[in-house]
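Here are some notes for a colleague who is reading this entry with the coordinates open.

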Amino acid sequence: MPKVVLKLGDNVSTDDIYPGRFMATVLPSETPQYAFADHASFNGLLNQRAIPPGSVVVAGNNFGCGSSREQAASCLKGHDLTVVARSFSRIFMQNAINLGLRIVVASIDASEGDELEWLDGRLHNVTRNKTHSLHSLPKARQSIIDAGGLVAYTRQKLLEKLSKQKNRSVRSGVTEESRL
Amino acid sequence: MAMTIAEKILARAAGLPSVAVGDVVEANVDLAMSHENAALVINQFVEVYRDTGVEPRVWDPSRIAIVLDHRVPAESSKTATNQKKIREFVHKQAIGKFHDIRGDVGGICHQVLPECGYVRPGYLVVGTDSHTTTHGALGALAFGIGATEMASVWTLGTLLNVEVPPTIKVVVHGEFPPGVYPKDLILHLIGLLSAEGANFKVIEFHGVTVRNMSTSGRLVLCNMAVEAGATAGIVPADKETIRYLIGHAGVSSHDIEVITPDPDAYYVQTIDIDVSKLPPQIACPHSVDNVIPIFSMEGRRVDQVVVGSCTNGRLEDLEVVARLVRGHKVARNVRLLVFPASWRIYRDALSKGYIGTIVEAGGVVMNPGCGCCLGVHQGALGNGEVALSTTNRNFKGRMGNPEAEVYLCSPAVAAASALTGVITDPRTGG
């Protein structure tokens, strides 16, 4: 059963999640080591692999405010964390969806160590025996989630575009031939 | 249907007669900007093309701008290698709007784009930087996106699945009292709205105060709109915008199309502000919306004063600083660091004597770039130190040290305080 491993307040900034001094590190395979780098003990646990995949970070309003740095989403994705927050900043939310980091919009009552259970459309806090409803993510982004992220979704769109171009050139070729 | 500026721009970009709040559209991008994080965009762009059998090609190299500004000159071998990778990509893809680390064309992306005339009213501009909102000062719809989203734009030329955001109308009247500036206005507004008060919304700036404001001032307003969570900030283009674009940015009048909101457009909220009695404002640690009038903070010790960034590193800002420090000395135990926003500004400030005046007073004028704003190099803070800065963020750890504090203010407050060593009201002096 997943546990709450970190409880934070409102306006957790991208500087908090992924400090600017590590921004020269860009690859999703390398960013996880700096997740919450200034929360030394939590960062230590993450890097010792003491936090099981699927563990939950709980926060208040406006999680991920500040910079557009995608490292803030990729570093959490690398540790397979889920973020449950009352609200998210726009860019962080889009980055999370684009990269397939699991984010959940919900106002939940939980402390570090609480055990959670995912139900259909709801989240059950087993420790406190409380159930919370979840808010849906922006509908505009659903097709990106369904495609498994923006890289795959864009690739799909690119292939559609290329095949349309190919069909067009085939068709125009036929017309030219018939004119001859 | 009546539309706001954001709605008009998105409608045109999507090839539709009109759009309404909540509509989901695919929008053609006019300008796509990145800085050093282009290194990550390149990585994701190559990923998109993986196994397609097609050679990666950006959709339109003339619509991509890349400006190296965040860590210039490179502070580490890692950054230098990323910058090298970007140069190679720029060459291979024939990207023309590339601004390397150079004294002729270099600078901070949010200054270089306006001054080179890359941004026009009505454009849809996206950038892999949250302060891309800055370009709304020229009547464009401009906002930040992540690196993967940019890789998608580089591939397709469009922004997929954009939800049309609602707009907040901010109407500003009154004349700024001496010593009070657009920076004080935007800090005050962020304090009113809170750090998330404009989340997923656009802010349109109206009113006589904005009409009378220079483009430099408007760039400050739109730059910091994102600190209230706004998707974008927009000042409707007008005579001043045209004056700036033709006179400063070399744009031909034929290439300027002014888009204004319809008089009966729908606004989700309207906020009226009178600046005639506004005192200088300070944003206290560790949140940009923790804004108070200067009186409550006067006398607070400062160790480092920073003037610059995409918010306040423009010629008007350096002029204010030079005027206040002329003939005085920066206080002992204070480091005054000045980062002009572009090399063009640096050269102008040099010829007007501002640079000499600031250096004479004990200030250190650094090379144009983001400098210490994001905590990578060129002015990290020691444990327990206090910075007073004209930049746009004061989050914990922002200037490279979570054990330090950052206060935000106007260039006038920064200069007055650099002389006294404590937070000082520029209207009364030390």
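**Notes on the two chains**

1. In chain B, residues 24 or more positions apart account for 76% of the contacts with a separation of 6 or more. This should be read with the caution due to a predicted model.

2. The secondary structure of chain B consists of 14 helices and 18 strands, and of its 430 residues 61% count as buried. Taken along the principal axes, its C-alpha atoms fill a box of roughly 65 × 55 × 40 Å.

3. Chain A comes to 6 helices and 7 strands, which follow one another along the sequence in the pattern β-α-α-β-α-β-α-β-β-β-β-α-α. Its radius of gyration is 21 Å, well over the 16 Å that the globule rule gives for 180 residues, so chain A is more spread out than a compact globule.

4. The box filled by the C-alpha atoms of chain A, again taken along the principal axes, is roughly 80 × 40 × 25 Å. Buried residues make up 44% of the 180 residues in this chain, and among its contacts between residues at least 6 apart in sequence, 64% join residues at least 24 apart.

5. Which parts of chain A each supply at least two residues of the side that touches chain B? The contact as a whole takes 43 residues from chain A and 48 residues from chain B, and on the chain A side the helices in question are α1 (14-17), α4 (90-99), α5 (142-147) and α6 (150-179). Of these, α6(A) gives the most, with 9 residues. By class, the side of chain A that touches chain B has 16 nonpolar, 16 polar and 11 charged residues.

6. The largest nonpolar core has 194 residues, and those with the most contacts inside it are B:Leu10, B:Leu141, B:Leu221, B:Ala225, B:Val321 and B:Ala418. As general background, nonpolar side chains tend to be buried together in soluble globular proteins.

7. Leaving aside its neighbours within four places in sequence, B:Leu221 is in contact with B:Ala137, B:Pro182, B:Leu185, B:Ile186, B:Phe205, B:Gly233 and B:Val235.

Definitions and conventions. Residues numbered from 1 in each chain as written. Chains lettered and ligands numbered in written order. Predicted model: local features only at pLDDT ≥ 70, side-chain atom pairs only at ≥ 80, totals over all residues. Core = buried A, V, L, I, M, F, W, Y, C linked by C-beta atoms within 7 Å. Buried ≥ 20, exposed ≤ 12 C-beta atoms within 10 Å, placed from the backbone. Contact = placed C-beta atoms within 7 Å. Helix = DSSP H or I, 4+ residues; strand = E, 2+ residues; numbered from the N terminus. Rg over C-alpha atoms; globule rule 2.2 N^0.38 Å. Nonpolar A, V, L, I, M, F, W, Y, C, P; charged D, E, K, R; others polar.
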